[in-house]
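Here is a short report on one protein model. Look over the sequence and the fold before reading on.

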Amino acid sequence: MESGRSGDSTVLNMPESKVKTNGKGKTPATSTATTKATPDPRGGSKKGIAILDFILRLFAIAAAIGATATMGAADQQLPFFTQFFQFEAQYDDFEVFVFFLITNGIVSAYLILSLPFSIVCIIRPYAAGLKLLLIIFDTVIMALTIAAAAAAASIVYLAHSGNPNANWLAICQQFGDFCQATSAAVVASFITSTLLICLIVLSAFALRRN
């Protein structure tokens, strides 16, 4: 800074700011780095698991309804009967079969009601709370289905083989159609329980990848 006399103005010498040019008298444009959001690869797998869950529920519904309808239609009347005696076998003659019918009806209703929740899991694959809720209810329904199928299977086995020690006769020698219907219902119920186990494993795997 140089100061003059009292009558002169004060002159300030400021250093000039140097701006680098690109040789053409223009300042280079500022480069901005842009980043693109990469999609999460886990989202596609979660959505695929949710779609598979929905498909398995459809098959489980068909198996449960089939087991319920087949057991409910299990009825056979032998052609030879008298005025006072009729030889007939119905599912409601066995309390275990009644329990089996009610249980599979409940399972069918639950699986149908669970379809909207499964659709929500497809739309929102990261909904962990909803998947956990489905796991809990699927486990309860699976245990109930296995219990009913196992109890009915024991009666079907006795109907086919009997028990000489307890003097229980094998009624399937006379009521063949009835035994075939009850056997098919038990098989369909075990298929339902197997599909429910697969649903539980799928939901647990999806939660593990969160």
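## A kink in H2

Helix H2 bends at Leu 115, where the kink is about 35 degrees. The proline Pro 116 follows shortly after this point in H2. This is a predicted model, and the angle is computed from it.

H2 covers residues 95–123, a run of 29 residues. From first C-alpha to last, the helix reaches 43 Å. At 1.5 Å a residue, 42 Å would be expected, so the computed span is close to that value.

## Overall fold

Four helices and two strands make up the secondary structure of the protein. Along the sequence they follow the pattern α-β-β-α-α-α.

Take contacts between residues at least 6 apart in sequence: 76% of them join residues at least 24 apart.

## Burial and surface

The protein has 210 residues, and 32% of them are buried.

## A nonpolar patch

Which residues form a nonpolar patch on the surface? They are Leu 132, Leu 133, Ile 136, Phe 137 and Val 140. Together they have about 460 Å² of accessible area.

One of these patch residues, Ile 136, sits in helix H3, which spans residues 128–161. Is Ile 136 buried, partly exposed or exposed? Its relative accessibility is 48%. Buried means under 20% and exposed means over 50%, so Ile 136 counts as partly exposed.

Note on methods:
Residues numbered from 1 in each chain as written. Predicted model: local features only at pLDDT ≥ 70, side-chain atom pairs only at ≥ 80, totals over all residues. Heavy atoms only, no water. Patch = residues over 30% accessible without salt bridge, like charges linked within 9 Å, V, L, I, M, F, W, Y side chains within 5 Å. Areas by Shrake-Rupley, 256 points an atom, 1.4 Å probe, with all protein chains shown as cover. Salt bridge = Lys/Arg side-chain N within 4 Å of Asp/Glu carboxyl O. Buried < 20%, exposed > 50% of the residue type's maximum accessible area, 1.4 Å probe, protein only. Bend = angle between axes of the 7 residues up to and from the residue. Contact = heavy atoms within 4.5 Å.
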